[in-house]
Amino acid sequence: MYILKETDFYWLGLSTISGLGSIRMNKLINHFGDPLSIWKADKIELEKVIGSSVLAERIVREREKLDIEKLLERTAKNGIKYLTLLD
């Protein structure tokens with residue numbers, strides 16, 4: 001059985017945000033160090049790293065309305081497995 005790490009919650013949450021692909025995620029990880037720090041970053045800091053105010057605003061907006069617990073439940077219920085950039 002696969003045991004989720006705390007960072008898995010935030011990897012999964014970030015993966016649902018449109019426009020946040022592997023190139024931008026690499027930039028964010030290189031700057032912040034981990035997905036939790038990305039998740040907690042404010043719009044200005046996100047914008048500085050990714051160079052897009054629209055995407056920074058989208059990240060902030062989407063994470064405020066996303067219920068990661070429910071997303072994890074649906075993922076597990078449907079047998080969906082996922083990889084992160086660090087896997």
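In this predicted model, buried residues make up 34% of the 87 residues in the protein chain. The chain exposes about 5900 Å², of which carbon and sulfur atoms supply 53%. Its secondary structure comes to six helices and zero strands, so that the elements, read from the N terminus on, run α-α-α-α-α-α. Among the contacts with a separation of 6 or more, 54% are accounted for by residues 24 or more positions apart.

In soluble globular proteins, nonpolar side chains tend to be buried together. Here the largest nonpolar core has 23 residues, and those with the most contacts inside it are Leu-20, Met-25, Leu-28, Ile-38 and Leu-46. At least two residues of this core are supplied by each of helix 1 (6-15), helix 2, helix 3 (35-40), helix 4, helix 5 (53-65) and helix 6 (68-77). For Leu-20, once its neighbours within four places in sequence are left aside, the residues in contact are Leu-14, Met-25, Leu-28, Leu-55 and Ile-59.

The packing of helix 2 (residues 22-32) with helix 4 (residues 43-50) can be described in some detail: the two pack at an angle of about 115°, with their axes 9 Å apart, and helix 2 passes helix 4 in a right-handed crossing. On the side of helix 2, the residues involved are Arg-24, Lys-27, Leu-28, His-31 and Phe-32, and these meet Glu-45, Leu-46, Val-49 and Ile-50 in helix 4. Sorted by class, this contact of helix 2 with helix 4 has five nonpolar, one polar and three charged residues. Leu-28 and Leu-46, which take part in this contact, are also listed with the residues that have the most contacts inside the largest nonpolar core.

A further set of relations involves the segment after helix 6, where Tyr-82 is found. Which residues of the chain are in contact with Leu-12, leaving aside its neighbours within four places in sequence? They are Leu-71, Leu-72, Thr-75 and Tyr-82, while Leu-12 itself has its place in helix 1. Leu-12 counts as buried because its relative accessibility is 8%, which lies under the 20% cut-off. Tyr-82, by contrast, has a relative accessible area of 26% and is therefore partly exposed.

| Pair | Separation in sequence | C-alpha to C-alpha distance |
|---|---|---|
| Leu-12 and Tyr-82 | 70 residues | 8.2 Å |
| Ser-15 and Tyr-82 | 67 residues | 9.9 Å |

Notes:
Residues numbered from 1 in each chain as written. Predicted model: local features only at pLDDT ≥ 70, side-chain atom pairs only at ≥ 80, totals over all residues. Heavy atoms only, no water. Axes fitted to C-alpha atoms, helices over the stretch in contact; angles between N-to-C directions. Helix = DSSP H or I, 4+ residues; strand = E, 2+ residues; numbered from the N terminus. Left-handed = near helix turned anticlockwise from the far one by under 90°. Contact = heavy atoms within 4.5 Å. Nonpolar A, V, L, I, M, F, W, Y, C, P; charged D, E, K, R; others polar. Core = buried A, V, L, I, M, F, W, Y, C linked by side-chain atoms within 4.5 Å. Buried < 20%, exposed > 50% of the residue type's maximum accessible area, 1.4 Å probe, protein only. Areas by Shrake-Rupley, 256 points an atom, 1.4 Å probe, with all protein chains shown as cover.
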